[in-house]
Amino acid sequence: MSTKKKPKYETIADEIRKRIIEHVYPLEHALPDEIHLAQEFGVSRMTMKRALEILVMEGLIYRKRGKGTFILQSSFQKDRINVISKETRGLTQVIGDRSLRSEVLNFEVKFPCQEVANHLMIELTEPVYEIRRVRYVDDEPYVIELTYMVANLITGITREILEKSVYAYIQEDLGYTITSSHKVIRADKPDEYDQAYLKNDITEPIIEVEQVVYLSNGKPFEYSFARHRYDKFVFSSVNIVK
């Protein structure tokens, strides 16, 4: 399946996001204005506006009337990863230039239980991948993921892919577009996996994110539980008041 080309405004948003993460733009100064950025990227002001709106929705930048566009400094808390509640990017994209590796604890194809089938909108006879991984950022354990994916939809998953970026494989190799997710975020007590792999003490809480992720055709392809170390993540909610 051929890879769908990104819209120009998304490509520009990716580049500006990269510059922000790499501190090309100083935190205390306004970003270049829309006119200058549009000239730099060779696009219309409307396209530039759409690119910046993506970063506003992600909670990376904000606008001050009459003063310009600024980087939201709370997005750069030391030693913590900021996850925006609206975003559907995988951890590989969220961490920027920090190193990431994945340890696969379990990988098998099986038939789903009723709960998994309901969330993925499939029959009990349709196989799913059951995947459990530990994700390490700069060689520190940050999160354990238990993921169910529709095997007939997300074809060709291998252990090698799981050790890298599953979302990159889905979008770049399979050619799908991941568009939305429904998340439930809760605090929980650490279980035996958290204590063994995340090095969580029994008294330390876990932040669990339960989510269903959808493709652009409206089909759910992932139902997952990601259990995060409380001291390594910040979850932000962005609300735009009009």
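Mentor: Let's start with a cut-off: a residue is buried under 20% relative accessible area, exposed over 50%, and partly exposed in between. Keep in mind that we're looking at a predicted model.

Trainee: Okay, so how does His-23 count at 48% relative accessibility?

Mentor: At 48%, His-23 falls in between those cut-offs, so it counts as partly exposed. You'll find His-23 in the loop between H1 and H2.

Trainee: And what about its backbone: does His-23 have a positive or a negative phi?

Mentor: The general idea is that most residues other than glycine have a negative phi. His-23 isn't a glycine, yet its phi is positive, about 60°. Asp-139 is another non-glycine with a positive phi, about 65°. Asp-139 sits in the loop between E5 and E6 and is exposed, at 56% relative accessible area.

Trainee: Moving on to helix H2, which of its residues are buried?

Mentor: First, the general idea: an α-helix has 3.6 residues a turn, so residues three or four places apart point the same way. In H2, which spans residues 34-41, the buried ones are Glu-34, Leu-37, Ala-38 and Phe-41. Looking down the axis, these buried residues fall within an arc of 100°, so they line one face of H2.

Trainee: What covers the buried residues of H2?

Mentor: The cover includes helix H1 (8-21), helix H3 (45-57) and strand E1 (61-64). At the start, a side-chain oxygen of Asp-33 comes within 3.2 Å of the backbone nitrogen of Ile-35. Just after the helix, Gly-42 has a positive phi of about 65°.

Trainee: Now the core. Which residues of the largest nonpolar core touch the most other members?

Mentor: In soluble globular proteins, nonpolar side chains tend to be buried together. Here the largest nonpolar core has 31 residues, and Leu-120, Met-149, Ile-154, Ile-157, Ile-170 and Phe-221 touch the most other members. Elements supplying at least two residues each include helix H5, helix H7 and strand E9. A second, separate core has 19 residues, among them Tyr-25, Ala-38, Ala-51 and Ile-71.

Trainee: Last one: what order do the strands of the six-stranded open sheet have?

Mentor: Strands of a sheet pair through backbone hydrogen bonds, either parallel or antiparallel. This open sheet runs E4-E5-E6-E9-E8-E7, with antiparallel pairing. The edge strands, E4 (100-110) and E7 (178-188), each pair on one side only. Between E4 and E5 there are ten bridges; Lys-110, for one, has Val-128 in E5 as its bridge partner.

Technical notes:
Residues numbered from 1 in each chain as written. Predicted model: local features only at pLDDT ≥ 70, side-chain atom pairs only at ≥ 80, totals over all residues. Heavy atoms only, no water. Buried < 20%, exposed > 50% of the residue type's maximum accessible area, 1.4 Å probe, protein only. Helix = DSSP H or I, 4+ residues; strand = E, 2+ residues; numbered from the N terminus. Arc of directions from axis to C-beta. Contact = heavy atoms within 4.5 Å. Polar contact = N/O pair within 3.5 Å; in protein donor to acceptor, adjacent residues only side chain to side chain. Core = buried A, V, L, I, M, F, W, Y, C linked by side-chain atoms within 4.5 Å. Pairing = 2+ DSSP bridges.
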